[in-house]
Amino acid sequence: MSTQKRILVTGSAGRIGRAVVAELVSRGHHVVGLDVNPTSGLPSAQSVVASLTDVDALRRAATDAAAIVHLAATPDDAQFPRGTPPNDGDNFLSDLVPNNVVGPYQIMEAARVLKVPRVILASTGQVIAEHLTDGKVPVTPESPLRPRYLYACTKVFLEALGRVYAREHGIEVLAVRLGWCPRAGQEEEFRQSPFGKDVYLSPGDAGRFFAAAVAVPKLPPFAVVYASSRYVHRHTFDLSSARELLGWEPRDQWAVGSGQ
Ligand SMILES: NC(=O)c1ccc[n+]([C@@H]2O[C@H](COP(=O)([O-])OP(=O)(O)OC[C@H]3O[C@@H](n4cnc5c(N)ncnc54)[C@H](O)[C@@H]3O)[C@@H](O)[C@H]2O)c1
């Protein structure tokens with residue numbers, strides 16, 4: 001099998017997407033990005049500007065892909081826990097359902113119909129958030145789900161969806177519970193977090209993680225792994241399954257890459 005592959009990266013214009021695209025391109029892969037915003041670092045013919053809910057555009061972009069790296073999502077809650085009425089809006093129906101529930105469904109459907117053999121789904125450490133606040137660490141893929149808010153509930157759905165499509169349709173699905181790669185505007189929240197530096201994920205480690213997930217010849221039908229950079233104080237994410245399945249090891253530690 002050729003080591004250079006056609007890879008669809010969704011959410012390719014985002015914080016993690018840009019790092020993943022750069023790493024895959026540097027390894028010689030033919031990368032197609034799909035995002036509602038143009039993807040920097042790709043020729044315009046390989047930067048599909050479309051939503052996940054545009055099924056035709058998504059399927060054209062996914063045609064002949066050896067793998068889909070699915071990152072596109074609304075990456076957090078807005079205003080949850082909810083305020084007092086009338087200030088009790090959140091982004092569940094407006095953003096989380098179309099982007100994080102319907103979107104992954106369309107990804108798995110595209111993989112099924114087009115026979116894409118591997119899908120790597122971006123989940124989050126927020127699906128086990130209670131363990132972090134309770135100090136029940138290191139968390140493993142077997143730790144009981146303890147979602148933080150509604151965004152985390154959509155990622156629980158994403159993981160379940162991946163398991164079902166893997167079992168019923170023979171697609172290799174890897175769900176990765178990503179650590180925290182702070183986006184612009186999250187600096188203060190990150191600084192105040194008691195565990196932020198221990199779950200920090202540098203853009204470089206994120207890029208190398210997804211490149212390893214694309215390159216490994218064989219994966220189990222379905223697996224959950226964690227991905228973070230090296231912890232600073234407390235061992236928080238058990239990275240052994242990523243190490244064993246992908247041969248991936250983080251190189252960085254907070255604050256390498258935080259200014260990128
Ligand atoms: N950054 C983190 O700390 C972190 C932690 C855990 C999980 N994640 C997950 O990693 C992924 C990437 O997160 P990020 O931090 O890069 O977020 P980001 O907001 O920087 O990037 C997300 C990208 O997805 C695109 N997008 C959203 N909805 C879309 C749609 N319907 N169709 C097409 N494109 C769409 C956005 O335009 C954006 O470019 C997400 O799935 C997020 O939930 C991120």
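1. In this predicted model, Gly 33 stands opposite Ser 47, a residue of strand β3. The two strands concerned, β2 (residues 30-35) and β3, run parallel and are joined by three bridges.

2. That pairing belongs to an open sheet of seven strands, whose order is β3-β2-β1-β4-β5-β6-β7 and whose pairing is parallel. The edges of the sheet are formed by β3 (47-49) and β7 (222-227), and since each of these has a single partner strand, one side of each is left without a neighbour in the sheet. On average, and with direction ignored, neighbouring strands of this sheet are turned by 20 degrees against each other.

3. Helix α5 (residues 150-169) packs on the sheet, where it touches β4 (67-70), β5 (118-124), β6 (172-178) and β7, and its direction makes about 155 degrees with that of β5. Helix α8 (residues 203-215), for its part, lies across β1 (6-10), β4, β5, β6 and β7, and runs at about 150 degrees to β5.

4. Helix α5 also has a helical partner, for its axis and that of α3 come within 10 Å and cross at roughly 15 degrees. With angles under 35 degrees counted as roughly parallel, α3 is therefore roughly parallel to α5, and their crossing is right-handed. On the α3 side the residues that meet α5 are Phe 92, Leu 96, Asn 100, Val 101, Pro 104, Tyr 105, Met 108, Glu 109 and Arg 112, while α5 contributes Leu 150, Tyr 151, Thr 154, Phe 157, Leu 158, Leu 161, Tyr 165 and His 169. Sorted by class, this contact has twelve nonpolar, three polar and two charged residues.

5. The axis of helix α3 (residues 92-114) also comes within 10 Å of that of helix α2 (residues 55-62), and here the two cross at roughly 50 degrees, so that α2 and α3 are oblique to each other. This crossing, too, is right-handed. The contact is made by Val 55, Leu 58, Arg 59 and Ala 62 of α2, together with Gln 106, Ile 107, Glu 109, Ala 110, Val 113 and Leu 114 of α3; by class it has seven nonpolar, one polar and two charged residues.

6. As for the whole, the protein chain has nine helices and seven strands. Its radius of gyration is 17 Å, close to the 18 Å that the globule rule gives for 260 residues, so the chain is as compact as a globular protein of that length. The C-alpha trace spans about 45 × 45 × 35 Å along its principal axes.

Notes. Residues numbered from 1 in each chain as written. Predicted model: local features only at pLDDT ≥ 70, side-chain atom pairs only at ≥ 80, totals over all residues. Heavy atoms only, no water. Pairing = 2+ DSSP bridges. Helix = DSSP H or I, 4+ residues; strand = E, 2+ residues; numbered from the N terminus. Axes fitted to C-alpha atoms, helices over the stretch in contact; angles between N-to-C directions. Contact = heavy atoms within 4.5 Å. Parallel < 35°, antiparallel > 145°, perpendicular 65-115°, else oblique. Left-handed = near helix turned anticlockwise from the far one by under 90°. Nonpolar A, V, L, I, M, F, W, Y, C, P; charged D, E, K, R; others polar. Rg over C-alpha atoms; globule rule 2.2 N^0.38 Å.
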